[in-house]
Amino acid sequence: MMRPRRLMVLLTAGLALTSTACGGGDGSKDASGGKVSITVGCMPAKSQPTQRREWNEDVAAFQKLHPDITVVGKDAFPCADPKTFMAKLAGGQMEDVFYTYFTDVQNVIKSGQAADLTKYLGSVKQLPDLQPSVKSVFTGPDGKIYGLPRQNYSMGLLYNRKLFKQAGLNPDTPPATWAELRADAKKIAALGKGTVGYADYSAGNQGGWHFTTELYGQGGDVVSPDGKKAAFNSPQGLAVLENLKQMRWTDDSMGSKQLLQLADVQQLMAAGRLGMYLSAPDNVTALVDQFQGSYKDYGLAPIPEAKATLIGGDGYMVNVKASPAKIKAGLLWLEYYVLTPGQGQLNYQREARYGRAVGLPQPDFYTGSTATTDHSLRAASANVPVANYKPYEDASARIPGKLEPANAQQVYAVLDSVMSAVLTDRNADPGRLLATAQQKVDGILARSN
Amino acid sequence: MTTTALRKAASRRSPSRPAGPRRTAARYGVRRGLSAYGFLCGALICFALFSWYPIVREALLGFQRTNFVGRSEWVGLDNFHRVGADPAFGKAWLNTLEFTGLALLCGYVLPFVTALVLNELRHARAYLRFVVYLPVMLPPAVAVLLFKWFYDPGPGLFNQLLHLAHLPGLNWLDSTSTALLSLVIVSTWMNMGSGTLIYLAALQSVEGELYEAAELDGAGLLRRVWHVTIPQTRLILLVMLLLQVIATMQVFIEPYLLTGGGPQDATVSVVYLMYQYAFNFNSYGGGSALGLMLMLVLMVFSAAYLRLTRDDGR
């Protein structure tokens, strides 16, 4: 039998060996022999087999092009959860090249967790052709660039072409004004059997988000330009609420069930019981992939009378702890996978071949020759009824995009209450609701500034 | 056995060396104690890691401004002031208290009455116990989403039943007057199985002779319940009341999944607001401050309750 002392020595040696093996940072071979290994976020999850297959193909092709770089994908669905984003960052679990929403970018920059990419970006060929509005999202207060965009979206009007036809409406001429939208919603709701003409969110902070979208469309703003005062108690804000109130209570075209959130509305739409709602184009894919809808049944148009529209998107940043070699490798990967038309996520030919939807509208991501190349490649492989989305696509260039306001979620929580009041209380007074909400938001902004 | 061994054994047993047996007993005691301490250590480590450390961390966070990434900043009572100035703060406490009151009214009395009925039944007891306990086995999210369909003002089950009885439908979740009550109904349905089983176990420990004596004295059903059942199960009733208040004050999943706090903040609870602060407003300090306030309120309530009912429980 082994003596205790000998056993202790062995255990200690074992522990020492284990800790040596586990230590040494992230295990990459950054500086050894010119090889570099990078971890990259937002690898498609196993539940998305086609996208995952494409990713693996791209990684293999990229590594063949750059034999000294190894790309290690980290999968997650969704790619980032705003609720755990900062905790992941704090826990040192963030990838070298990590995915982020536009709304998180400034927080990450402020917390000093993203590497300054400015001096490395000269190698990214598509950079000069990126839309300035998209590029500016990743620019810090110091004027330095901390990331690259992956995709962007802008809000529009998603409508059910099948229900339009059933209600005697022309699905090729979606409503261009709120008066037309009201009239169309009324006709669709008149189809009965629980059919809803127009739906809007009013819970889970999503009501506030949609109020903001409609307010931007009316030409209003949620907070003042300096971010210190609420600005939604305005004729535009009132117009949004009055319009909803009329549709809900006078026209009875918004259904009896309220406190809806995204999934509720998508279910209604996919079940063929909803005529219209405001959304980004990616909702069409969600309706088809997650709710078994059909591309031919949906159309996209700009928000009626839109003077501006809410925009958002996502992209990649590089971990502040990454070495220059990793930063360079990360940018090469992003250029290959994210930004080059015809390659990686912009390989439309392959997407069509694998049965994925190609041709859904997107707000302009590029300018100049890159935009032309991207458009023509996408059009050549389009396999969805692109004519259904033409009104949205045609209008997207002329409608300016606006990002979410500062302290968005707290402001949305207050505005949720306004939306739910208008949609659940026949006697709600929009003017009074806006005045009360203004006081609350002023308080929130005063405390946060 | 050799003579030497025999001598050693004898000397171990010799009364002239009384320290021997005592030492053996002590060694045995220590050995027994060691395994007990070992088990205790496991439990202590688990509690320390998963309960006490988070509690201490939360208490510290309540006085800090942090995003977990940059350096945390001590801000004194700022988080408490900030949360207290939130217009939803008062509403959340009122809603929580109202929910607790209503949940006690339904969720405390109903399981007890159900247990009484089940205890009196002579047939199908096991089956009925299973039926009563079944909702507890459903994952809470599933149960809550089931009620989302029940409450649908259009094709929902409840309104269909009301229509069958020629009654007008209700806007269960969409009306400020019925939304909170609707959440109480869900909560009661989900949790009454556990309460019923506990009461049933307590009822079965009541001596049958007491009921027989009461019956001989001419006591009817209600009198038997009042004079025999309730006094005999008082301890369990008191503990359950305390536990139920603590649980219902922490209501979260029902407003989170059914109403998102609406309509017009009618179902915003303290824990729901805490969640909003921590995960939607990115204010971990604000969320922790709310958590500390709730913990303090529950601690004060528990202490006062235990003091007031100290004699009743004996």
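Student: How do you know that chain A and chain B are in contact?

Tutor: In this predicted model, 29 residues of chain A are in contact with 27 residues of chain B. Such a contact requires C-beta atoms within 7 Å, so these residues meet that cut-off.

Student: Which helices supply the side of chain A that touches chain B?

Tutor: At least two residues each come from helix H3 (82-90), helix H16 (408-424) and helix H17 (430-448) of chain A. H16(A) gives the most, with 8 residues.

Student: What makes up that side of chain A by class?

Tutor: The side of chain A that touches chain B has 16 polar, 8 nonpolar and 5 charged residues. Gly counts as polar here, so the polar class may include Gly.

Student: How many of the residues in chain B are called buried, and why?

Tutor: The share is 30% of the 314 residues in chain B. They are called buried because 20 or more other C-beta atoms lie within 10 Å of their own.

Student: Which part of chain B does the annotation "domain: ABC transmembrane type-1" cover?

Tutor: The unreviewed UniProt entry places it at residues 93-305 of chain B. Over residues 93-305 the chain is 76% helix and 0% strand, with the end C-alpha atoms 20 Å apart. Chain B has 15 helices and 2 strands.

Notes: Residues numbered from 1 in each chain as written. Chains lettered and ligands numbered in written order. Predicted model: local features only at pLDDT ≥ 70, side-chain atom pairs only at ≥ 80, totals over all residues. UniProt positions renumbered as here; feature names shortened; annotations may be inferred. Helix = DSSP H or I, 4+ residues; strand = E, 2+ residues; numbered from the N terminus. Buried ≥ 20, exposed ≤ 12 C-beta atoms within 10 Å, placed from the backbone. Contact = placed C-beta atoms within 7 Å.
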